[in-house]
Amino acid sequence: MRSMVGVLGRVPLFKLSRRTGWPRLLPANLTISPSPKCNSRCLTCNIWMKRENELTIDEWDRVLASLGHAPYWVTISGGEPLMYPHVVELAQAVYARCRPGIINIPTNAILPTIPDRVERIARACPDTRLIVNLSLDGIGEKHDRIRGVPGNFEKFEERLRQLLALRARLPNLTVGIHSVVSVFSVEHLDELIAYAARSGADQFITEIAEPRVELDTVGLPITPSPEAYARAVDRLVAFVEASSFRGMARVTEAFRVEYYKLVRRILQEQDQVIDCYAGWASAQIYADGTVWPCCVRADDLGNLREHGYDFGRIWFGPRMAEVRRSIAARECHCPLANAAYTNMLHDVPTLARVVAKLLRPTGGRSAPSSRPGGGLVEIGRPAPGAASSAGPAARMGG
Ligand code: SF4
């Protein structure tokens, strides 16, 4: 399995590239969204309304071939990615062409075909860590109301049980719970933390709801106030810091705490706070082949169909220069988790705080030990347990 070491080795090069334009590097963190179609109707997202002239699998294969082994972390996003009919073939193409260390797939956990698709992807990508994060925005009826699908919570619990059972047979599979912290969920975050802690999941990650061009949520009042988010962050940080993690899990938790604190500052200061590397180290390809620096700005950098499916022709092309200038000038800011973790890897003060924390003796209650493999989101695996049973604490984070 590819380790993080190669990615860390590229950090100084990305910093140099952001400052001087040289060397020319393809992104290490890539998000691909093959289809906007989704069977959820979330209060925090309108992407399900979109329809696109989607790239075919053959077209995706050509695009991925042009990226080679540059991406270390590939997220297959949506819409609902596990509803996309060719998701297994797409993951196989990612694996064959890019051989990433991590393939990350979020899911709304609704369809009964999800476990079968996850198993096929995990088996087809044996040397890559496959992380599947199930969305959970509330317990019971609260979840159904926020996600707009009656019975969604029941299906979530069923899928979680099924995926945890699969995890016992598939050593490269990680199963997490993902919560969007929005105005609709911020006040019941404690319930989500408590649920995730006894769920048996490998990780609990949170992301703040924000206006995104991709999700057609610009102008919607979905982001919690800085004060409400600060209270939520305090609870998450307190939980993580009261836990005792070992090995790689300690590293990822240290980054997670930094992420919470970073988001709090971004909301309060309305600024990037640390340099954003979207447009250098991270990128997104939308369903129709349009390349974006990130899904929040969603600048149209060019369509791969018009550039011979060669990602580099767009990434190093003329439209990038103005977008990079704008991002470097901090004309945008956001708490997007996917970009933020990449950004933190490039921020020396953040890294210094993480190292200082790792050098401190551990304390607090014990948490699961880390699993082999390494990686920013590599996590400790609790002993197998049912989704709603009182099993050992899952790792908390966001
Ligand atoms: S700060 Fe946010 S909106 Fe701006 S480029 Fe980075 S990820 Fe995109």
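This is a predicted model: local features need pLDDT of at least 70, side-chain atom pairs count only at pLDDT 80 or more; totals for chains, interfaces and linings use all residues.
The contact of α3 with α4 is made up, by class, of six nonpolar, two charged and one polar residue.

Here's who is involved on each side:

| Helix | Residue range | Residues in the contact |
|---|---|---|
| α3 | residues 87–98 | Val87, Val88, Ala91, Gln92 and Tyr95 |
| α4 | residues 114–124 | Arg117, Arg120, Ile121 and Ala124 |

How do the axes of α3 and α4 lie relative to each other? They come within 9 Å and cross at roughly 20 degrees. Angles under 35 degrees count as roughly parallel, so α3 and α4 are roughly parallel to each other.

Now for the ligand. Which residues come nearest to the ligand? Out of the 13 residues around the ligand, the nearest are Cys276, Cys294, Val296, Cys332 and Cys334. Sorted by class, the shell around the ligand holds ten nonpolar residues, two polar ones and one charged one.

Finally, let's zoom out to the protein chain. The protein chain has 398 residues, and 54% of them count as buried. Its secondary structure includes 13 helices and eleven strands, with α3 and α4 from the table among the helices. What about contacts along the sequence? Take the contacts in the protein chain between residues at least 6 apart in sequence: 78% of these join residues at least 24 apart.

Note on methods. Residues are numbered from 1 along each chain as its sequence is written. Axes are lines fitted to C-alpha atoms, for helices over the stretch in contact, and angles run from 0 to 180 degrees between N-to-C directions. Helices (H or I, at least four residues) and strands (E, at least two) are DSSP runs, numbered from the N terminus. Angles under 35 degrees count as roughly parallel, over 145 as roughly antiparallel, 65 to 115 as roughly perpendicular and the rest as oblique. Two residues are in contact if their C-beta atoms, placed from the backbone, lie within 7 Å. Ala, Val, Leu, Ile, Met, Phe, Trp, Tyr, Cys and Pro count as nonpolar, Asp, Glu, Lys and Arg as charged, and the others, Gly among them, as polar. A residue is near a molecule or strand if its C-beta atom, placed from the backbone, lies within 6 Å of it. A residue is buried if 20 or more other C-beta atoms lie within 10 Å of its own, exposed if 12 or fewer, and partly exposed in between; C-beta atoms are placed from the backbone.
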